Amino acid sequence: MIKPDLLLHPTPGGLYCPIGDFYVDPVRPVGRALITHGHSDHARSGHAHVLATRQTLDIMAIRYGEDFAASSQAAGFGETINVNGVSVRFHPAGHVLGSAQIEIEKDGTRIVVSGDYKRGVDPTCASFEPVPCDVFITEATFGLPVFHHPPPAGEIEKLLTSLRQFPERSHLIGAYALGKAQRVISLIRRGGYDQPIYIHGSLAKLCDYYESEGIDLGELRPATTEDKKSGSLKGAVVIGPPSAFNDRWARRFEDPLPIFASGWMMVRQRAKQRGVELPLVISDHCDWPELLDTIREVKPQEVWVTHGREEALVRWCELSGIAARPLHLVGYEDEGD
Ligand SMILES: [Zn+2]
């Protein structure tokens, strides 16, 4: 066995494997990048070579253009790929479409970089698979005992109830463009809502892509009523990225009901600050119990915590007899929480 630190360690550019000469989710352009998923804080353009799942490569091409990297290679789930003598395997992370954990193995030492992940059922992507390893590298976005995410079906029920209660108001849902928006649409459909759903222009390509990958989102229409005929969207469900809610786009709707779908909506103060009337606690990250369950299941010798609320999780590991340390990685701002 070789020391885990020699196989992978944090650098200012991201996690680096000196033996394989590659980075995982680098924050600056590098020669060889392994990418866990398409969120912009993990998948950046400008690398010479990118290894990622086919769906993540497709998503990068949609977001950055076909020339997002000089060259790329698709990794199938479970397939072993030799990178300069290091064995690399991708496994589902359950975060967004195409998201993967990356297993890195050399001479019997095995490290799993989980990227962003969640454990709850999500019909829009493959479910997280626990992979036994020596070192498990985890995020801790919601790494405090106060974070418990309720079942998403119940959150969607709140939305459907509001639609019945306020049939005149357009229900404006803020949801991140990759993953959250499609998951919310899919959940609304599962809740039995079959009316057209109106989407902001910036969601169109990714929604089309999800559809092309077999994820049924029902009838989607562009929410682009430039004129004042927005009366047609009275009582409609409208979905846009959170950023769009501060600009002119949001002002075209009459008496809109502001909604935000995010794990952060557990924190009332955050909802209030954003002027959210109906907070929906729907997260694509693990809550505290999911983080602990995952570590118990994976049974690593050691846990490294990349970003988020590292201290509490590190402390919990130590109290449970598992060596742990924070990596203090910077540059991962949770595009999709
Ligand atoms: Zn993410």
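This briefing describes the domains, the sheet and strand pairings, selected helices and a few individual residues of the structure above. The model is a predicted one, in which local features need pLDDT of at least 70 and side-chain atom pairs count only at pLDDT 80 or more, while totals for chains, interfaces and linings use all residues. Residues are numbered from 1 along each chain as its sequence is written. Helices (H or I, at least four residues) and strands (E, at least two) are DSSP runs, numbered from the N terminus.

**Domains**

- The domain assignment gives domain 1 (4-146 + 285-326) and domain 2 (152-280), with bounds that come from an automatic or database domain assignment.
- The C-alpha centres of domain 1 and domain 2 lie 30 Å apart.
- Between the two, 15 residues of domain 1 are in contact with 13 residues of domain 2, where contact means that the C-beta atoms of two residues, placed from the backbone, lie within 7 Å.

- An open sheet of 7 strands runs in the order β7-β8-β9-β10-β11-β18-β19 with mixed pairing, two strands being paired if DSSP finds at least two bridges between them.
- At the edges of this sheet stand β7 (80-83) and β19 (323-326), each of which pairs on one side only.
- On average, neighbouring strands of the sheet are turned by 25° against each other, direction ignored; axes are lines fitted to C-alpha atoms, for helices over the stretch in contact, and angles run from 0 to 180 degrees between N-to-C directions.
- Strand β18 (residues 302-308) pairs with β19 in the parallel sense over 4 bridges, and Glu-302 stands opposite Ala-323 in β19.
- Helix α9 (residues 310-319) lies across β11, β18 and β19, and runs at about 170° to β19.

**Helix α8**

- In helix α8 (residues 288-298), the buried residues are Trp-288, Glu-290, Leu-291, Thr-294 and Ile-295; a residue is buried if 20 or more other C-beta atoms lie within 10 Å of its own, exposed if 12 or fewer, and partly exposed in between, with C-beta atoms placed from the backbone.
- After α8 comes Lys-299, whose phi is positive, near 50°.

**Helix α3**

- Helix α3 (residues 152-165) has 14 residues and reaches 20 Å from its first C-alpha to its last, close to the 20 Å expected at 1.5 Å a residue, the expected span being 1.5 Å times one less than the number of residues.
- The buried residues of α3 are Pro-152, Glu-155, Ile-156 and Leu-159.
- Seen down the axis of α3, these residues fall within an arc of 100°, so they line one face of the helix.
- The face of α3 turned away from the buried side carries the exposed residues Ala-153, Gly-154, Thr-161, Arg-164 and Gln-165.
- Among the elements that cover the buried residues of α3 are β12 (171-174), α4 (180-190), β16 (257-261) and β17 (278-280).

**Strand β15 and its partners**

- Strand β15 (residues 237-240) is covered on both faces, with Val-237 and Ile-239 buried on one side and Val-238 and Gly-240 buried on the other.
- Strands β12 and β15 run parallel and are joined by 4 bridges, and His-171 has Val-237 as its bridge partner in β15.
- Strand β13 (residues 197-199) also runs parallel to β15, joined to it by 3 bridges, and Tyr-198 has Val-238 as its bridge partner in β15.

**Individual loop residues**

- Most residues other than glycine have a negative phi.
- Asp-25, in the loop between β3 (22-24) and β4 (32-34), has a positive phi of about 50° although it is not a glycine; Asp-25 counts as buried because it has 26 C-beta neighbours inside 10 Å.
- Asp-107, in the loop between β9 (100-106) and β10 (109-113), likewise has a positive phi of about 50° without being a glycine, but with 13 C-beta neighbours inside 10 Å Asp-107 counts as partly exposed.
- Cys-125 is placed in the loop between β10 and β11 (135-140), and counts as buried because it has 24 C-beta neighbours inside 10 Å.
- Leaving aside neighbours within four places in sequence, Cys-125 is in contact with Gly-94, His-95, Val-96, Leu-97 and Ser-99.
- Cys-125 and Gly-179 are 54 residues apart in sequence and 8.7 Å apart in space, C-alpha to C-alpha.

Note on methods
Arc of directions from axis to C-beta.
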